[in-house]
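Please read the following report alongside the sequence and the coordinates. It moves from the overall fold to the core, and then to individual residues.

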Amino acid sequence: MSASSARSTGPSSGAASTDARRPAGDPVDKPLPTPAEKAAEKAWKIDLRELGRRAGSMREWEKTLPALPGWGVEMIGVPEGAPVQLHLRLESVMEGVLVTGQVELPVTGQCARCLEPVEDTVELDVQELYAYAGSTTEATSGEDEVRRIDGDRLDLAPLVRDTVVLTFPLSPTCQPDCAGLCVDCGERLDDLPADHSHEVLDPRWAGLAARFTETADSADPTDSAAGPQPGSTNRTNPEEN
């Protein structure tokens with residue numbers, strides 16, 4: 001089984017769940033890879049002929065390779081083609097080749113609370129045994145329990161992809177205490193004053209409030225109050241007395 005630990009988990013997941021999921025399997029109707037995609041996939045395969053199969057043989061492997069597509073979950077992932085720095089050691093053992101070292105790569109995504117862009121650099125530790133065909137480990141392990149060496153080549157891409165994707169939170173946040181968005185105006189709460197609020201009208205009084213508003217709008221502003229207006233003269237007809 002693969003063993004990996006993250007030195008930096010990248011964007012914080014805050015109070016949200018930090019469970020991660022494996023990338024979905026390849027679709028049945030996946031188009032054929034282009035020459036550039038084939039070259040990128042080939043770059044992740046290490047030729048083991050220089051290492052040899054003598055137990056104890058060791059080789060340092062330092063390289064920067066482009067990230068392949070599909071390295072992510074719904075809201076966060078590694079951009080396709082982004083530079084992935086590999087600092088690995090390959091060691092030949094009785095059952096296969098032990099790969100240990102560090103992987104450093106950029107991740108981008110979107111905050112699950114305020115929807116702001118999220119960017120970070122993640123550094124991960126990796127350790128994995130690739131079994132030789134016909135070895136005891138290969139013969140006694142299930143299809144998904146151990147990685148296998150294909151001829152004289154070892155494919156690093158699935159190892160790095162799984163290690164990275166399993167560290168991603170399903171609900172990434174730009175910061176652990178991100179307050180999210182205001183439910184009334186949709187603005188980011190962390191950018192608003194502390195006393196930000198909206199007047200909330202009890203829906204039971206909404207009809208009455210609307211009627212008062214209509215009455216005020218329809219009132220004639222020229223209507224005068226009771227009594228004489230300024231400048232008017234109130235004279236009494238002497239014949240009426």
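The paragraphs below describe a predicted model.

The secondary structure of the protein consists of four helices and nine strands, and along the sequence these elements follow the pattern β-α-β-β-β-β-β-β-α-β-β-α-α. Of the 241 residues in the protein, 27% are buried, while the accessible surface comes to about 15800 Å², with 49% of that area belonging to carbon and sulfur atoms. Among contacts with a separation of 6 or more, 65% are made by residues 24 or more positions apart.

In soluble globular proteins, nonpolar side chains tend to be buried together. The largest nonpolar core in this model has 37 residues, and the members that touch the most others are Trp 44, Leu 86 and Leu 156. At least two residues of this core come from each of S3, strand S5 (83-92), S6, strand S7 (117-131) and helix H3 (157-165). Leaving aside residues up to four places away in sequence, Leu 156 touches Trp 44, Ile 46, Trp 61, Leu 86, Leu 88, Val 99 and Tyr 130.

Trp 44 also takes part in an aromatic pair, and the count of such pairs in the model comes to one. The ring centres of Trp 44 and Trp 71 are 5.3 Å apart and the ring planes stand at 70°, so the pair is classed as edge-to-face. The two residues belong to distant parts of the chain, 27 residues apart: Trp 44 is in the loop between helix H1 (35-43) and strand S2 (45-47), and Trp 71 is in the loop between strand S3 (58-66) and strand S4 (76-77). A further contact with an aromatic ring is made by Arg 53, whose charged end sits over the ring of Tyr 132, 3.7 Å from the ring centre.

The relative accessibility of several residues discussed in this report is set out below.

| Residue | Relative accessibility | Class |
|---|---|---|
| Trp 44 | 0% | buried |
| Trp 71 | 3% | buried |
| Cys 111 | 0% | buried |
| Cys 114 | 4% | buried |
| Thr 100 | 16% | buried |
| Lys 45 | 38% | partly exposed |

Thr 100 lies in strand S6 (residues 96-110) and is buried, with a relative accessible area of 16%. Apart from its neighbours within four places in sequence, Thr 100 is in contact with His 87, Leu 88, Arg 89, Val 126 and Gln 127.

Lys 45, in strand S2, is partly exposed, with a relative accessible area of 38%. When residues up to four places away in sequence are not counted, Lys 45 touches Arg 153, Leu 154 and Asp 155. The C-alpha atoms of Lys 45 and Ala 157 are 7.7 Å apart in space, although the two residues are 112 residues apart in sequence.

Definitions and conventions. Residues numbered from 1 in each chain as written. Predicted model: local features only at pLDDT ≥ 70, side-chain atom pairs only at ≥ 80, totals over all residues. Heavy atoms only, no water. Buried < 20%, exposed > 50% of the residue type's maximum accessible area, 1.4 Å probe, protein only. Contact = heavy atoms within 4.5 Å. Areas by Shrake-Rupley, 256 points an atom, 1.4 Å probe, with all protein chains shown as cover. Phe/Tyr/Trp six-rings, centres within 6.5 Å; stacked < 30°, edge-to-face > 60°. Lys NZ or Arg CZ within 6 Å of the ring centre and 35° of its normal. Core = buried A, V, L, I, M, F, W, Y, C linked by side-chain atoms within 4.5 Å.
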